[in-house]
Amino acid sequence: MIRSVLLHRLTSHILSCTRGSCLLTGRLSHGVQPHSPGHTPIQQSFYGPIIPKVTALVRYSDLSTLKYNMIYTFPHIKLVSALSRLKLLQTGITVVILPPVYFLYLQGDISFFLVGYTTGIAVFAGIMLYTASHFLRRVVGMMYLDPSQTTLKVSHLTFWGRRHDIYLPVTDVMTIGDTGDSANEKILKLKRFSSPQTLYFSTYFGRVVDKQGFEKVFGSLT
């Protein structure tokens, strides 16, 4: 009997809370202390949602999504890329040939001269690949400037002969005079103040598309 009475009271209390007449409102009204005259009152409603103050964050601008104006292009960059991949193919074929040659030598089917000759070719191909890739991946194919002329986009080759873009602050790029080159040289260096890495471009074999933008970065061409 007592259990049924308690269950009935609990059900009535839950229904009253869902209708907005919960006794919690009465407890809140009695629990709030009046502010002292020396303090600024905090105006807040217990019946409305508390809305936090949201501070807007500055979004990071992805440099790769900006529009760039081409200032320099090297029309033979595709040929350089093909040469780089050809060296990779040649080295790969030479390395693949070596195991069968050694196997045939151990079987006594070929002479030691042929083994030495094949090994020499493989070593020479590896040295040539390293030397060629060291210079080919430093050849600048294209350069661009963003509309504000504060960021230089440089496209050059990777070890695998693919295009790779880097983004440099214009203030970090040395002018032609800073690198020690002269404007009439056939091969020019692209250097930065913050890095020892050196790339190469040529106004003789390449083409300056936007002279004003180019001189903004590298100084006068005359």
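**Charges over rings.** I looked up lysine charges placed over aromatic rings in this predicted model. The charged end of Lys153 sits over the ring of Tyr144, at 5.1 Å from the ring centre. I noted a further case at Tyr204, where Lys186 lies over the face of the ring, 4.8 Å from its centre.

**Sheet.** I then traced the strand order. The open sheet is formed by 5 strands, which run β4-β3-β2-β1-β7 with antiparallel pairing. I recorded β4 and β7 (207–208) as the edges: each has a single partner strand, so one side of each is left without a neighbour in the sheet. For β3 and β4, I counted 7 bridges in the antiparallel sense. Across this pairing, Leu152 stands opposite Leu168 in β4.

**Nonpolar core.** I next asked which residues have the most contacts inside the largest nonpolar core. They are Met143, Leu152, Val154, Leu190, Phe201 and Phe218, in a core of 25 residues. The elements that give two or more residues to this core include the strands β1 (69–73), β2 (140–145), β3 (151–157) and β4 (163–169). Also among them are β5 (188–191), β6 (198–201), α3 (77–106) and α6 (211–218). I kept one general remark beside this entry: in soluble globular proteins, nonpolar side chains tend to be buried together.

**Aromatic pairs.** My search of the whole structure returned 9 aromatic pairs. For Tyr72 and Phe201, I noted ring centres 5.7 Å apart and planes at 70°, so this pair is edge-to-face. Tyr72 belongs to strand β1 and Phe201 to strand β6, so the pair ties together parts that are 129 residues apart in sequence. I checked the burial of both partners. Tyr72 has a relative accessible area of 0% and is buried; Phe201, at 3%, counts as buried.

Are its members buried or exposed? Phe159 counts as partly exposed because its relative accessibility is 27%. Trp160 is exposed, since its relative accessible area of 54% is over the 50% cut-off.

Technical notes: Residues numbered from 1 in each chain as written. Predicted model: local features only at pLDDT ≥ 70, side-chain atom pairs only at ≥ 80, totals over all residues. Heavy atoms only, no water. Core = buried A, V, L, I, M, F, W, Y, C linked by side-chain atoms within 4.5 Å. Buried < 20%, exposed > 50% of the residue type's maximum accessible area, 1.4 Å probe, protein only. Helix = DSSP H or I, 4+ residues; strand = E, 2+ residues; numbered from the N terminus. Phe/Tyr/Trp six-rings, centres within 6.5 Å; stacked < 30°, edge-to-face > 60°. Lys NZ or Arg CZ within 6 Å of the ring centre and 35° of its normal. Pairing = 2+ DSSP bridges.
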